[in-house]
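Subject: Structure handover

Hello,

Here is the structure for you to take over. My notes on it follow below.

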Amino acid sequence: MSARRLSVLRQRLSAEELDALIVCDPTNLAYVTGFDDVFDGEDAHALAITSEEASLLTDSRYFEALSRAAEGTEFEVVLVRENLYVTLCERLGEKGIEVVALEANVPYGRFRFISERFSGRVEVIDGWVEDARQVKDSEEVRRIAAAAELTDRAFSHILDRVVPGVTEWELALELEMFMRREGSDGVAFAPIVASGPNSALPHARVTHRVIEAGDFVKLDFGARVDGYCADMTRTIVAGRASDRQRELHSAVLEANLAGIAAVRAGVPGNVIDSQARGVLEARGLAEYFGHGLGHGVGMEVHELPSVSPRATRSVPAGSVITIEPGVYVPGFGGVRIEDLVVVEEQGARVLSRSEKTLIETG
Ligand SMILES: [Mn+2]
């Protein structure tokens with residue numbers, strides 16, 4: 001697995017005539033190495049990839065775990081006793097590296113530090129590992145599907161708890177506890193539970209608001225299984241729905257289905273977006289849909305490819321994306337319906353299985 005991932009990056013190095021690629025982003029490190037459960041998000045490592053070798057510089061906190069994970073692979077784990085980047089620059093110089101590529105998301109202070117210390121030239125590259133991460137292999141899809149399945153079970157679990165009198169905070173906590181108890185490693189992101197007028201905020205923060213009869217309740221959450229995320233949104237009504245709520249919900253559901261129907265490998269993200277957006281335009285609701293239709297999901301909950309009016313790149317086979325149209329009417333409330341789908345040659349394979357027709361609880 002890591003051999004294939006390294007070879008993709010080495011091909012790019014050689015195509016761009018660069019001598020070494022430095023990867024520091026913890027998610028990218030986990031991807032390139034394929035090491036599970038070692039990188040914890042701490043910014044404490046630097047992987048130097050050249051045509052000849054792949055050295056992973058780290059400190060004493062991670063040295064043993066990384067050495068164990070690296071057994072039988074081509075990664076050489078190097079224990080750094082002083083400053084990580086001083087050691088990195090010295091090693092690169094000793095190995096005769098002249099042009100080194102840094103990921104565009106390294107902090108500016110570190111970029112400056114390395115530029116000053118390193119004897120050769122520093123170039124900035126953008127998104128090489130992120131591009132590679134778009135296309136999932138079968139094991140990655142299996143993990144994402146497992147996360148989606150756990151997310152579906154959490155939705156079933158929470159449904160009969162969404163009743164007038166409960167707070168958003170209690171529901172968010174219950175969702176998180178359920179997923180973690182059932183095997184989620186943490187959560188893909190802090191669950192969103194947005195009720196009543198709060199549901200009109202696309203990325204509402206959870207509050208202690210008490211849910212009232214007739215409120216929209218927007219639930220956006222995802223489990224994380226073996227390092228891979230799920231992401232799903234359902235909007236339900238606590239008690240009985242009004243005609244206006246039904247109207248908004250059915251428009252968003254129609255847009256969601258149109259978006260999913262437009263998914264196929266090779267279709268540009270903006271074409272998929274426009275199919276769903278067109279449904280809302282026809283209903284006079286497009287002004288209430290301000291965000292893009294979807295995004296890639298994998299080791300991170302937001303990654304490539306993008307599915308938005310500005311996304312001219314096509315979605316590749318094997319990518320996993322969300323389709324999440326919404327309408328958000330200020331002061332009234334909002335609806336979003338989000339599914340996680342695998343992009344295949346013939347169309348979308350939908351991983352989210354939770355009920356999508358409007359659910360009224362209590
Ligand atoms: Mn999403």
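Where is the place of E17? E17 sits in the loop between α1 (2-15) and β1 (20-23). Note that this is a predicted model.

Backbone points

E17 has a phi near 55°, which is positive in a residue other than glycine. With a relative accessible area of 66%, E17 is exposed. D37 also has a positive phi, near 60°, and is not a glycine. The loop between α2 (26-33) and β2 (46-49) holds D37, and D37 is exposed at a relative accessible area of 79%. In strand β13 (residues 303-307) lies P305; the peptide bond from L304 to P305 is cis, with omega near 0°.

Nonpolar cores

The largest nonpolar core has 67 residues, of which L21, V32, L47, I49 and L219 touch the most other members. Helix α7 (residues 138-159) supplies the largest share of this core, eight residues. Domain 1 (2-133) and domain 2 (138-361) both contribute residues, so this core lies between them. Beyond its neighbours within four places in sequence, L21 contacts L9, L13, L47, A48, I49, A101, I125 and W128. There is also a second, separate core of 31 residues, with F216, V267, V279 and L293 among them.

Helix packing

Helix α4 (residues 84-94) packs against helix α5 (residues 108-117) at about 35°, the axes being 10 Å apart. The crossing of α4 and α5 is right-handed. Y85, V86, L88 and C89 of α4 meet R110, F113, I114 and R117 of α5. By class, this contact has six nonpolar, two charged and no polar residues.

Regards

Methods:
Residues are numbered from 1 along each chain as its sequence is written. This is a predicted model: local features need pLDDT of at least 70, side-chain atom pairs count only at pLDDT 80 or more; totals for chains, interfaces and linings use all residues. Side-chain values use heavy atoms; hydrogens and water are left out. Axes are lines fitted to C-alpha atoms, for helices over the stretch in contact, and angles run from 0 to 180 degrees between N-to-C directions. Helices (H or I, at least four residues) and strands (E, at least two) are DSSP runs, numbered from the N terminus. A crossing is left-handed if the near helix is turned anticlockwise from the far one by less than a right angle, and right-handed if clockwise. Contact means heavy atoms within 4.5 Å. Ala, Val, Leu, Ile, Met, Phe, Trp, Tyr, Cys and Pro count as nonpolar, Asp, Glu, Lys and Arg as charged, and the others, Gly among them, as polar. A nonpolar core is a set of buried Ala, Val, Leu, Ile, Met, Phe, Trp, Tyr and Cys residues joined through side-chain atoms within 4.5 Å. Buried means under 20% relative accessible area, exposed over 50%, partly exposed in between (1.4 Å probe, protein chains only). Domain bounds come from an automatic or database domain assignment.
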